[in-house]
Amino acid sequence: MAGEADGPFKGLLVPILLPEKCYDQLFVQWDLLHVPCLKILLSKGLGLGIVAGSLLVKLPQVFKLLGAKSAEGLSLQSVMLELVALTGTVVYSITNNFPFSSWGEALFLTLQTVAICFLVMHYRGETVKGVAFLACYAMVLLALLSPLTPLAVVTLLQASNVPAVVVGKLLQAATNYRNGHTGQLSAITVFMLFGGSLARIFTSVQETGDPLMAGVFVVSSLCNGLIAAQVLFYWNAKAPHKQKKEQ
């Protein structure tokens, strides 16, 4: 039986989803109700699923901007603050050697958010400013990842995620309320971010045990939930200029 358990199935699970001790517990001893190992399996599976899904989370938003050739309804300040929060998570996680499955989506979301920042500037007629932003951001990121950056600075950046997330999402919520619609905000992206942040509360507690990481995702879930609620509330609302064209 042990020889069969050591087949290709084990190669897929160990160590990606389970430590060898838990693999033996679940699939050699067939103790399928072993709660600690089941928590690890669930957390790793959710984490890797979130990371994989993050490759696509903000692409609907990018494509919506490209298709409309407009950034109407998007708050640049909100997107920038979200970028600050994502960057803090990436730098903090790399510095603390957290498992990639516990934070990997932040890396891919960061790249997509940088693209959205540039597109918002570009469609506002500020392309040169957008290019300068890309160059400055790259330099800041390299500086933060440098061994010369003190751990206290990295921790402070991660701690600043909470106010950055709250203020950023409230700015977007205020923009939606003021406009009476959500403009070019992608509903798919909003709901995927909401679901991902909820799942991350569990995985961050399970995989990192870091209360700062977990706290950021709790706040992020509440704020993403607010934007998701607005998307539903303004679902049939249209931008004024579109309404005029249809009259």
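1. Which helices each supply at least two residues of the lining of the largest cavity? They are α6, α10 (161-179), α11 and α12. Helices here are DSSP runs (H or I, at least four residues), numbered from the N terminus.

2. A note on the basis. This is a predicted model, where local features need pLDDT of at least 70, side-chain atom pairs count only at pLDDT 80 or more, and totals for chains, interfaces and linings use all residues. Residues are numbered from 1 along each chain as its sequence is written, and side-chain values use heavy atoms, with hydrogens and water left out.

3. The cavity. A search of the whole structure finds one cavity of 30 Å³ or more. A cavity is a set of points on a 1 Å grid over the protein atoms alone where a 1.4 Å probe fits but cannot get out; lining residues have an atom within 4 Å of a point. Points are joined across faces, edges and corners, and a volume is the space filled by probe spheres set on them. The largest cavity holds about 210 Å³. Its lining has 16 residues, with Glu82, Lys169, Leu185, Val190 and Leu193 closest to the centre. At least three lining residues come from each of domain 2 (58-149) and domain 3 (152-234). Domain bounds come from an automatic or database domain assignment.

4. The pocket. A pocket is an open set of points with protein on both sides within 12 Å along at least five of seven lines. The largest pocket has a volume of about 390 Å³. It is lined by 27 residues; Leu86, Leu109, Leu193, Phe217 and Ser220 lie nearest its centre. Helix α6 gives the largest share of this lining, six residues. By class, 13 lining residues are nonpolar, ten polar and four charged.

5. The largest core. A nonpolar core is a set of buried Ala, Val, Leu, Ile, Met, Phe, Trp, Tyr and Cys residues joined through side-chain atoms within 4.5 Å. Buried means under 20% relative accessible area (1.4 Å probe, protein chains only). The largest core has 22 residues, and Ile116 and Phe133 touch the most other members. Its largest share, six residues, comes from α7. Both domain 2 and domain 3 give residues to this core, so it lies between them.

6. Ile116 touches Lys58, Gln61, Val62, Leu65, Leu74 and Val79, leaving aside residues up to four places away in sequence. Contact means heavy atoms within 4.5 Å. Another core, of 15 residues, lies apart from the largest one; Phe98, Ala106, Met213 and Phe217 are among its members.

Technical notes: Buried means under 20% relative accessible area, exposed over 50%, partly exposed in between (1.4 Å probe, protein chains only). Ala, Val, Leu, Ile, Met, Phe, Trp, Tyr, Cys and Pro count as nonpolar, Asp, Glu, Lys and Arg as charged, and the others, Gly among them, as polar.
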